[in-house]
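Biologist: Could you take me through how to read the surroundings of a charged side chain in a model?

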Amino acid sequence: MERSDQIGRYGELLFVMEAIKRGFNVLYPDNVYGYDYVIEYESKFTRVQIKTTNSINENRRYIWNITNKSLGSDVFVFIVIDPRMFFMVRENIIKQRKIVFAIPKKNIDNSYLNNWNIFKH
């Protein structure tokens, strides 16, 4: 899996399967609004932007690029394909970090890792 669009689609499918498995309703908007999916939980809606990577950089960090086009969601989900990890982060934290969101391969911040409660408001 080399192309970034394939990596992105694969990450989205991983997210959707895991969200459904955990009891969330997943909605896919028809138009591009700056988010990929909407999670519904107990009649509350959260706009979600998915970013996926399958590699680390020379500083041993997972890196995801964020463009202004990506903004407009409530939560970003950063996915590492192998080993499979989901990092859930509120958009206001992303805006503070600007263009790139990086997580070191060692000493991962567990407050973001598999933070599925972020969708339960």
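What follows is a dialogue about two residues and their surroundings.

Modeller: This is a predicted model, in which local features need pLDDT of at least 70 and side-chain atom pairs count only at pLDDT 80 or more, while totals for chains, interfaces and linings use all residues. Residues are numbered from 1 along each chain as its sequence is written, and side-chain values use heavy atoms, with hydrogens and water left out.

Biologist: Where does Asp-36 lie, and is Asp-36 buried or exposed?

Modeller: Buried means under 20% relative accessible area, exposed over 50%, and partly exposed in between, with a 1.4 Å probe and protein chains only. Asp-36 lies in the loop between β1 (25-27) and β2 (37-41), strands being DSSP runs of E of at least two residues, numbered from the N terminus, and Asp-36 is buried.

Biologist: Which side chain of opposite charge is nearest to Asp-36?

Modeller: A salt bridge needs a side-chain nitrogen of Lys or Arg within 4 Å of a carboxyl oxygen of Asp or Glu. Asp-36 has none, the nearest side chain of opposite charge being Lys-51, 6.5 Å away.

Biologist: Which side chain makes a polar contact with the side chain of Asp-36?

Modeller: A polar contact pairs N or O atoms within 3.5 Å, where within protein one must be able to donate a hydrogen and the other to accept it, and residues adjacent in sequence count only if both atoms are side-chain atoms. The side chain of Gln-49 makes such a contact with that of Asp-36 at 3.1 Å, and a polar atom of the Asp-36 side chain lies 2.8 Å from the backbone nitrogen of Ile-50.

Biologist: Where is Arg-47 placed?

Modeller: Arg-47 is in strand β3 (residues 44-53), and it counts as partly exposed because its relative accessibility is 33%. A polar atom of the Arg-47 side chain lies 3.2 Å from the backbone oxygen of Gly-72.

Notes. Helices (H or I, at least four residues) and strands (E, at least two) are DSSP runs, numbered from the N terminus. Lys and Arg count as positive and Asp and Glu as negative; His and the chain ends are not counted.
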